[in-house]
Amino acid sequence: QVQLVESGGGLVQAGGSLRLSCATSGRTYAMAWFRQAPGKEREFVAAISRTGGTTFYTDSVKGRFTISRDNAKSTLYLQMNSLKPEDTAVYYCAARHLSNSGAYYSDYDYWGQGTQVTVSS
């Protein structure tokens, strides 16, 4: 069984930065970050392959967010810079037992409980 635990969320002013972490237990391959704002559906943010060699992002965060992983530490990261109020959401990490990543909720087998990110204007 794979367990995912997110941390690093908080309250930040617009233009600020946060780094989210997702500690994993169990064997995982491709991983991703999703987010869900109040009253909205969960949406894809960024994904990374098993080795970290392939990453991709939703258009709204390109150039501002960076997904990375440290497999030796079994940890996934999301560095978020130039944060905007519209980035406010609960952020979830997700994992799947395949090497290549996906951009859909149904692509992933395991989910964390989420960490709140609030960006004030």
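A charge sits over a ring, as the term is used here, if NZ of Lys or CZ of Arg is within 6 Å of the ring centre and within 35 degrees of the ring normal. Keep that in mind for Arg96, whose charged end sits over the ring of Tyr108, 5.7 Å from its centre. Before going further, note that this is a predicted model, where local features need pLDDT of at least 70, side-chain atom pairs count only at pLDDT 80 or more, and totals for chains, interfaces and linings use all residues. Residues are numbered from 1 along each chain as its sequence is written, and side-chain values use heavy atoms, with hydrogens and water left out.

Let's stay with Tyr108. This residue is buried, with a relative accessible area of 6% (buried means under 20%, exposed over 50%, partly exposed in between, using a 1.4 Å probe and protein chains only). Which rings pair with it? Rings of Phe, Tyr and Trp (its six-membered ring) pair if their centres lie within 6.5 Å, and planes under 30 degrees apart count as stacked, over 60 as edge-to-face and the rest as tilted. By this rule the count comes to six aromatic pairs. In one of them, Phe34 and Tyr108 have ring centres 5.7 Å apart and planes at 75°, so the pair is edge-to-face. Since Phe34 lies in strand β4 and Tyr108 in the loop between β9 and β10 (110–111), the pair ties together parts that are 74 residues apart in sequence. (Strands are DSSP runs of E with at least two residues, helices are runs of H or I with at least four, and both are numbered from the N terminus.) Phe34 is buried too, at a relative accessible area of 2%.

Tyr108 also pairs edge-to-face with Trp111, the centres 6.4 Å apart and the planes at 75°. Ring pairs link Phe34, Phe44, Phe56, Tyr105, Tyr108 and Trp111 into a cluster.

Now for the nonpolar cores, each a set of buried Ala, Val, Leu, Ile, Met, Phe, Trp, Tyr and Cys residues joined through side-chain atoms within 4.5 Å. The largest has 26 residues, and Trp33, Leu78, Met80 and Tyr91 have the most contacts inside it. Strands that each supply at least two of its residues include β3, β5 (43–48) and β11 (115–120), while β9 gives the largest share, four residues. A second, separate core of six residues includes Ala32, Phe34, Phe44 and Ala94.

There is also one disulfide, meaning a pair of cysteine sulfur atoms within 2.5 Å. Cys22 and Cys93 form it, with their sulfurs 2.0 Å apart. The torsion about the S-S bond is about 50°, so the disulfide is right-handed. Cys22 sits in strand β3 (residues 18–25) and Cys93 in strand β9 (residues 89–95), 71 residues apart, and both are buried.

Finally, the loops. Arg64 is found between β6 (55–57) and β7 (65–70) and is buried, at 10% relative accessible area. Its side chain reaches the backbone oxygen of Ser60 at 2.9 Å. Not counting residues up to four places away in sequence, Arg64 touches several residues, including Met80, Ser82 and Asp87 (contact means heavy atoms within 4.5 Å). Ser82, in the loop between β8 and β9, has a positive phi near 50° and is partly exposed at 42% relative accessibility.

Conventions
Polar contact = N/O pair within 3.5 Å; in protein donor to acceptor, adjacent residues only side chain to side chain.
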